[in-house]
Amino acid sequence: MAANKIAELMDRAYAERRPVTAQFELTYKCNLLCSFCYNAPKERRELDGDDWIEALDKCRAAGSYNVILTGGEPMVHRDFWRIAGAVRERGMVLKTYTNGVLLADPEKARRYADLAPFDTEISLHGARAEVHDRLTGIRGSFDKLLVALGHLAKLGVKVSLKTPITRLNQHELPQIEALAARFGASVTFDTNILPTDDGDTSPFSLAADPDVLARFFVEKVRRGERTLAPRPVDKMKHNCGTGRTVVTIDPYGEVYPCIAFRRSLGNIREIDDLDALWQGRDGMRSDVLDYVRTVADEVPRRTLAPREEGGFASFCPGVAERELGDPYAYYDAARASGLVKLRAYRAVRGEDSAAPGDAVENEVAPESGTA
Amino acid sequence: MTPPEVGPVDQALVYRRHPEITLTRFGEEGLLVVPRAALQAVLNGTATRVLELVDGARTVGEIADALAAEYDGPSRDELLRDVAEILVDLRGRGAVEPVGADAD
C-alpha cells in the first residue's frame, strides 16, 4: 500500500538522520490572543525574509523537503509571501499552520492557493462563535475563519482543521465535525493540553472531562471512523523523530531538535553547514542531538512500557522536560491521554462494564497519532 | 498496479513536469508530491530517473537513450516501452503533461 511505502521512506530518513521536515516558527506575533498558546516570546530581533531563505537553503542541503511555516501566526510575518514562495521555487513541499483569519481576504486566499500548498492546518476551537472566540480572545475570529474556509474550499486548497478538546468545546465535537464536512475539510481532535514553552501550566485549567473524551472515542470506533489499538511499546525502537527527521527554527533563529525540545543547537545565522552539524561531521558533534536521540530511543522502554496505558499515551519527552525537568517523567496529560483511550478500548471490546458506550466487536489496528 | 495502456510509442513526444509537483530522492527511490491532488507516491528507481529527465525539451526517445547509457541489461526497445508506460502513469497522476501541437 502507498502509505506503507511512504512509511518505509520515513524509516530510511530516520536511520539516515535526515531532517526531512523543517518547521519554521516565522514569528511569535499573532493576530489572536489564544488563552492556551504555548509560545513564549522574547525581547529579541526576529529573522527577516532574507534570513529565513538562507535558513531554508541550509535545511534543504541537510535533506529537508517538507517545510512547515508556523508561528505565532506565520501570515503576519512581513515576508511571509516571499518565504512561502521560496519554499515552492525550490521544489519543496509547503504546509502552513495558521489561524486562517487573514485568508478571509479573497485576494490573500487566492495568492495563497496559487502557491499550491500541500496542506493547511487551521485551528478550530468550537462549532459556535461564542466558544471559538472565547478561546481565541478575539470577537469575530470565528466568522472570519468560516469566510476563509469558504474561499479555500472554492480554490481547492486542502484544509486540515485541528481542534484541541477543552472543557469549553467538549460537548460540541459532532457539530465541529459537521462544520468541517461543510467545507470539505478533515478535522483532527487533539486531546493534549500542554504547558507553554517556558513551563507555564495555566493552560491545564481548560482540560476536558475524561468521561466525555472516553465516550467520544468509543462513538468514533463504533461508527467505524477510527480504530483504537495500543502501540507495541515493548517493541518500538523509538518514540519520535526528535533530532533526526525534524528540525525546528524559532523566530530568533535558534535551532531545535523538534518543536517541543527547547534545547538550542545554536543559531542558524551562525551555523554554516547544518548538515555537518546534524550528521556530526567535521568536528561538529552536538551533545544536544546525541542526548535527544538517545531519549527518543529510550522512552518506549523506560516511560511507556511499564504503564498499562502506555501503548495509548501521547507522550512527548520535550514536554516532559519542560513541565517536570526530566524527559522521561510521565506527566499528567500523558497519563490522562493514555487512560482515556485505554478505557475506551476496553469499552469497545466489552472488557469494562463500568466504561462508557456499549460493548461492540471491532478490529484491532495500529493507532495513528491524535484522534 | 495494473500497467497503464500504452499503444505504439511515439518517440518524438515531449513531456514537461507540472510546475507544482515536488520530487525528492531517497536513494534510488523518489517521493512524488502533487499538491493540488493531495497526492504522495513513492516512485521506483526507474520512474524517479524518468521524471528527473523530463524537462520540457527531451523527447521520449531521448529519455530512453539516456537510460540506456545509464543502465546495463535492458535493451533500448525495452527501456523505450518502460519509459512510455511510466510517462502515461505519471500523466495520470498529474505529474507530467505533454507539450507541443501533436500532444493529445
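Chain B contains three helices and five strands. The model is predicted. In sequence order, the elements of chain B follow the pattern β-β-β-β-α-α-α-β. For 104 residues, a compact globule would have a radius of gyration near 13 Å; chain B has 13 Å, and therefore agrees with that value. The C-alpha trace of chain B spans about 35 × 35 × 25 Å along its principal axes. Of its 104 residues, 30% count as buried. Contacts in chain B were also sorted by separation in sequence. Among those between residues at least 6 apart, 62% join residues at least 24 apart.

Chain B touches chain A. The contact draws 13 residues from chain B and 14 residues from chain A. On the chain B side, β2 (22–26), β3 (29–34) and β4 (39–43) each supply at least two residues. By class, this side of chain B has seven nonpolar, three polar and three charged residues.

In chain A, helix α3 spans residues 80–89. Its buried residues are A:F80, A:I83, A:A84 and A:V87. They lie on the same side of α3(A), because they cover an arc of only 95° around the axis. An α-helix has 3.6 residues a turn, so residues three or four places apart point the same way. After α3(A) comes A:G91, with a positive phi near 70°.

Strand β7 of chain A covers residues 246–249. A:V246 and A:T248 point one way from the strand, whereas A:V247 and A:I249 point the other way. All of these residues are buried. In a regular strand the side chains alternate between the two faces of the sheet.

β7(A) pairs with β1(A) in the parallel sense, over four bridges. Within this pairing, A:F24 has A:I249 of β7(A) as its bridge partner. β7(A) is also joined to strand β8 (residues 255–256) of chain A by two bridges, and these two strands run antiparallel. Here A:I249 stands opposite A:V255 in β8(A). The hairpin of β7(A) and β8(A) has five residues between the strands. In this hairpin, A:G253 takes a positive phi near 95°.

Methods: Residues are numbered from 1 along each chain as its sequence is written. Chains are lettered from A and ligands numbered from 1 in the order in which they are written. This is a predicted model: local features need pLDDT of at least 70, side-chain atom pairs count only at pLDDT 80 or more; totals for chains, interfaces and linings use all residues. Two residues are in contact if their C-beta atoms, placed from the backbone, lie within 7 Å. Ala, Val, Leu, Ile, Met, Phe, Trp, Tyr, Cys and Pro count as nonpolar, Asp, Glu, Lys and Arg as charged, and the others, Gly among them, as polar. A residue is buried if 20 or more other C-beta atoms lie within 10 Å of its own, exposed if 12 or fewer, and partly exposed in between; C-beta atoms are placed from the backbone. The arc is that of the directions from the helix axis to the C-beta atoms. Two strands pair if DSSP finds at least two bridges between them. The radius of gyration is taken over C-alpha atoms; the globule rule is 2.2 Å times the number of residues to the power 0.38.
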